[in-house]
Protein chains: 4
Amino acid sequence: MDLNLTPSPKAQELLTKLKGFMDQHIYPNEKAYAEQVHNAENRFAVMPLMDELKEKAKAEGLWNLFVPEEYGQYSDIGGLSFLDYAPLCEEMGRVIWSPEVFNCNAPDTGNMEVFMKYATDAQREKWLTPLLNGDIRSSYAMTEPQVASSDATNIELLIEKDGDEWVLNGRKWFITGAMNERTKIFIVMGKSDPDNPSRHKQQTQVLVPQGTPGLKIIRPLTTLGYDDAPIGHAELVFENVRVPMENVLLGEGRGFEIAQGRLAPGRMHHCMRLIGTAQRSLELACQRVTQRSTFGRPLAKHQSIREEISRSFSEIEMARLLVLKTCKLIDDQGPLQTTDMIAATKTTVPLLVQNVIDRCMQMHGAGGLTEDYMMAEGFNYARWCRQADGPDQVHQMALGKQVIGRFSGQ
Amino acid sequence: MDLNLTPSPKAQELLTKLKGFMDQHIYPNEKAYAEQVHNAENRFAVMPLMDELKEKAKAEGLWNLFVPEEYGQYSDIGGLSFLDYAPLCEEMGRVIWSPEVFNCNAPDTGNMEVFMKYATDAQREKWLTPLLNGDIRSSYAMTEPQVASSDATNIELLIEKDGDEWVLNGRKWFITGAMNERTKIFIVMGKSDPDNPSRHKQQTQVLVPQGTPGLKIIRPLTTLGYDDAPIGHAELVFENVRVPMENVLLGEGRGFEIAQGRLAPGRMHHCMRLIGTAQRSLELACQRVTQRSTFGRPLAKHQSIREEISRSFSEIEMARLLVLKTCKLIDDQGPLQTTDMIAATKTTVPLLVQNVIDRCMQMHGAGGLTEDYMMAEGFNYARWCRQADGPDQVHQMALGKQVIGRFSGQ
Amino acid sequence: MDLNLTPSPKAQELLTKLKGFMDQHIYPNEKAYAEQVHNAENRFAVMPLMDELKEKAKAEGLWNLFVPEEYGQYSDIGGLSFLDYAPLCEEMGRVIWSPEVFNCNAPDTGNMEVFMKYATDAQREKWLTPLLNGDIRSSYAMTEPQVASSDATNIELLIEKDGDEWVLNGRKWFITGAMNERTKIFIVMGKSDPDNPSRHKQQTQVLVPQGTPGLKIIRPLTTLGYDDAPIGHAELVFENVRVPMENVLLGEGRGFEIAQGRLAPGRMHHCMRLIGTAQRSLELACQRVTQRSTFGRPLAKHQSIREEISRSFSEIEMARLLVLKTCKLIDDQGPLQTTDMIAATKTTVPLLVQNVIDRCMQMHGAGGLTEDYMMAEGFNYARWCRQADGPDQVHQMALGKQVIGRFSGQ
Amino acid sequence: MDLNLTPSPKAQELLTKLKGFMDQHIYPNEKAYAEQVHNAENRFAVMPLMDELKEKAKAEGLWNLFVPEEYGQYSDIGGLSFLDYAPLCEEMGRVIWSPEVFNCNAPDTGNMEVFMKYATDAQREKWLTPLLNGDIRSSYAMTEPQVASSDATNIELLIEKDGDEWVLNGRKWFITGAMNERTKIFIVMGKSDPDNPSRHKQQTQVLVPQGTPGLKIIRPLTTLGYDDAPIGHAELVFENVRVPMENVLLGEGRGFEIAQGRLAPGRMHHCMRLIGTAQRSLELACQRVTQRSTFGRPLAKHQSIREEISRSFSEIEMARLLVLKTCKLIDDQGPLQTTDMIAATKTTVPLLVQNVIDRCMQMHGAGGLTEDYMMAEGFNYARWCRQADGPDQVHQMALGKQVIGRFSGQ
């Protein structure tokens, strides 16, 4: 039994450097970045500040930190374990748009991993290389409006062979990044063999370049009023979209397998970031309550405020430890042996963080709900993560079944 | 003891008519209205659809339903008690922008009441008449960014006499309606006599017409990403804003008294509407769960779904009853004798509704958080009501003190 | 639509009298009664104090208040509607053992109703008359340890005909009152026709006098450490228990029908009482927090205490209103048309009360959990009511299904 | 930064042995032990089974596992760190009375630590040696009914010097173990110098042997109906209780210092055990739901059951990790540098465990609340731990203050 949750010296060093970068370049630019987005003619354009900051991060070696250990060749720093990446990812979660500065934002990280694991050399050269450089962006098109997409076997977008081409027809939504002006490639999951007796062999994933005829962006979607520009989430329609045979990923009928491999890290990354989002909200609340008085007493001296700060502190500690233990287990035994703890993390952390931030916003008075703080956007982030990759309830169903089996012997 | 919560025949008749109007004119226009706002060049303009619907509502006698019984002369239908207005207001809460159709939206209803109760004939003629006609709109400027405005005695905007004019200097925020193109008048609360030994006589309220030099709208504010256009909430600056002496409301040093009288109905109206917001969310959830299946079973048959529907139904029932009882008490004994129940309602209903909607959104999968349903916006409405007129905690402090006193004899 | 929740003048008068009785005779005897039970040689004997108080209550006309309107002939005061009984029952709920003083305790009230509704004249003479006089007590034997008894069709105790006798074999538990020395009659639900194609016609209820050979009391059961003496809950075994044919209630195969009719009022009575239990806990907490200081400040001035008092007050208000509305509907349309609101009440009030009492106990420090206050026992009462007549979840399932159907049209 | 939460090989070996002992000797005796207590003439006598099991545990080297590393000389196994003790203590928490089998039960463990740290050689020989052997038992008398004892400076029991004796006068309650027939020594905290300007130097602790004239046991106390026999919690009176000068512990005026040192480990031990209590409840629930069906479906397949099992699993994981991290920090930097995490643990784990067990009981139907399972007693254990060493709120106040200070720089 090994429960050593200490990050490696390399990770600790990177964390120190990253914190310095946040202090020097990110926090001081929060307002400016928000203004660039606010004033942008195209909300889904790349903001000039983002490009400046990316250059700085790259120069300091804070780049592609997400690259996993086994694919260390793709990163100058050589790849990190889950356990090592967690505190770095948490740090980035303190400013919601900052992961992109370090080329560590969803969905590109997950897509790059897909390319590392499943792509051909040609596919990697064409798409992975510019993604690793931060020159282009990518989308992962899985969720569909008509079906409960959390059960990947429900996916209905049709992928048919016609001559030496794949033909795609269907509708997708919540396709993160689709509208961004630098997004050049879509990884699309669809059903290529609906009659295959194995429900897990009916799916295929193909690569669809931006601009392919028939691929239409219908609209940006909002969650709780946020369009999450300039990344955003879109609804897409595929009408007779044609791509060549070689655009298949891994192989026909192997789409489900890719989805399984891709999603676990993504869930963990969200949770890592959310720890940072909650932690920063707590810190803002601590500052706020020392600055504001009601009825002749600083908020910081009200018993109820202290109780809520205390509760939030404790909950964040627990959530962070849950993330770390799950990371350690993934590192040691792989994600497929860790589905229980991944599900526990995914169904616990976002809800917990939502509640922590809700309290922290409340301590800020009306201003706490506005764009003057990162909390409201963080609240939205936590809230939609309870739906990302399927509603929590679906994962709880699987975890509950597993736990019952373990302790009942059935 | 009288706890007859039955609405009068007049109110029941109006409710039937109102429901018919909602069915015929409001629900079918939800999408169209959203699109008009979305595509508007000026998000704070009046949408053409709104004007059309207002005309229809006026024609059907569904107009100024909010007018209280004692000011029945101002309404064609003759005024309604709180208890009679509650189910009507609930009905309007089912579509967040619909109250304006019936000239029943915040903050105009509260402002009109202020004019009815406290204004001179001249003031009434100038402002109340067009407000009752729905020709202009108004704002109530109380909350300030620098102080905990829930304690009205903290207000800092300075109102000084200079010759025969009042001179205003200060900053306000969360001023609902300020940016709307039809907003013509601001009721502004400020401090005119900071050294008055009575903390409740230091405040004065004056009328500031839109366009008065020195009154600047700084920015729209968002809550959870919503700008609530075309009504919205603004940050304002008053720089040497001058208005004539006769623009004082009720009298110098009587601002606190006006605030007390104005705020109770406003809180109740929000709660009435939120019942409708929650009820509609529940109905949407009921429809959704019969249409969607996961893992081979309609959501409607999942035990957890049924438990959450059941819980939501029960909570809405309780919240509605709490609103009705409080209304009944206000009708019978006035708001000043009902501060306990008003506080109980204000601190209970928004949070309860927030939780109900959170569950209903979750049952909708990712789409539940988007603009495709009214739920996300309703969630935002419930959330900010926990801050409106001061954070719930401030009201709980007062209520707790009162209850402790009642049962401890201290 | 009629939502007049005002109790009748008769009920209001009774309430005044009952409150006076509580003040004069019940509260001053709480300690003495607890000591009599504590020191009793047989914890399930009748305590002398109980008999004294029963005589006093009878003399004051505070007797058999539970008798429903339609059976008014059985009560000197002529029967009360649900709505009228609710505040009286709430009042009794303030002292957990006090309902028996007024001959209004479970399970006798429910059993007496069964006799009123379903018994023959001979059965009524033999059992109902002494029950109404408070001379004997009774039990209702339904729940079984081996099956989920919330679904009454699961009941397994066998009732077979043998000549002119019924023969009972099976096991029951949570049979309230079974051990009390005055309990003389058991109403036993069992399966007489397991092969009947209608699952609701397989059951029969028969009367089994205490002392019938083969009826064995196995043990008292505790919930959260309470044996609820001298009433208590027992586990029973029926081994070839024989009773004559005429001991059948209503008729062979009609056991399910009786159970349906009996249980709704019982659920409502528990909820009515629990409102009183919670209300008294809140009042105790209010007194406590004015008497105790921590860190130089009376608890009553701590913001968190005020928030929790405030929350508890509001929740009790809502729960009480929910009970009253459900009562009103039962009065107007009968329990079978009110299953939705009965389920809403049954699944909401006990949990809410449990939480209120939990807070109130916490405000009392360690002493709050002891026998020095009625709170801990009240907590236990609320807790087991979440299981009484089946776990809340079963009722939520039914209610959820009903609500989904109502709003989805399915 | 070191967050290695892996127990040492020695601890892992002990855990394996302990689990074997539980399987072989404890679980099979749960019913028998409960019956011995139930049938005992004196509920506070030592049960024969306990003595048998203690001998077996001693023989297997599972004895005095609680002894901390720095006092390793007092234990055959040489002392364990907090981190190493945690999983062992958790294991014992699965059966509430089992810690005594291993001489690891409260309050003796804490008292023994007090003797190790603060006693003279003579005191140690007289009391520590037989305690370590399990021959006698001890009590720690701190809490008083009249004052909020969570603030130790409130303690009022008077300790006065008279000649060469200390004279004690006052009242204590919740004195665990006081009534047990083997309890021979009381460590009593009182006020010896009420006028000392330093509030932390007014207290002294003295040793009072059982049987000293004037020391009266007033009554056993229950929490939620449990008397926790044969250990139990008592109310005591000290009336002119006289002990010789040498019975002082550490020195006059140093009582507060001892209390500080004693309480942190005690809090952690409770939390460690509660993890085991919760874990066992979860396991029981998992078994139950596979054995019981409602409405034609095993409980294990109901979505709501799976969600609650899932939630409980996740919460226990988090709570366990919080305990372990706090242990690690105490080991590394001492309890006085770890007050934040100790408070976080103490205010989080008992409440969380209470909620987990509440759910698990509910899944068991009515039986879940009875003595047929360990859950109800475990629920009581978790509940009173929220009051032990002061209500959670007091610790949250301190932690909240500390966290606010840390992040606000104030």
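**Entry 1: the annotated span.** I looked up residues 10–135 of chain A and found their end C-alpha atoms 27 Å apart, with the span 59% helix and 0% strand. Helices (H or I, at least four residues) and strands (E, at least two) are DSSP runs, numbered from the N terminus. An unreviewed UniProt entry places "domain: Acyl-CoA dehydrogenase/oxidase N-terminal" there; such annotations may be inferred rather than shown by experiment.

**Entry 2: the model.** I noted that this is a predicted model, in which local features need pLDDT of at least 70 and side-chain atom pairs count only at pLDDT 80 or more, while totals for chains, interfaces and linings use all residues. Residues are numbered from 1 along each chain as its sequence is written, and chains are lettered from A and ligands numbered from 1 in the order in which they are written.

**Entry 3: a helix pair in chain C.** I looked up helix α5 (residues 108–118) and helix α7 (residues 255–291) of chain C, which pack at about 145 degrees with axes 10 Å apart. Axes are lines fitted to C-alpha atoms over the stretch in contact, and angles run from 0 to 180 degrees between N-to-C directions. In contact (C-beta atoms, placed from the backbone, within 7 Å), α5(C) residues including T109(C) and Y118(C) meet α7(C) residues including I258(C) and H269(C).

How values were computed:
Two residues are in contact if their C-beta atoms, placed from the backbone, lie within 7 Å.
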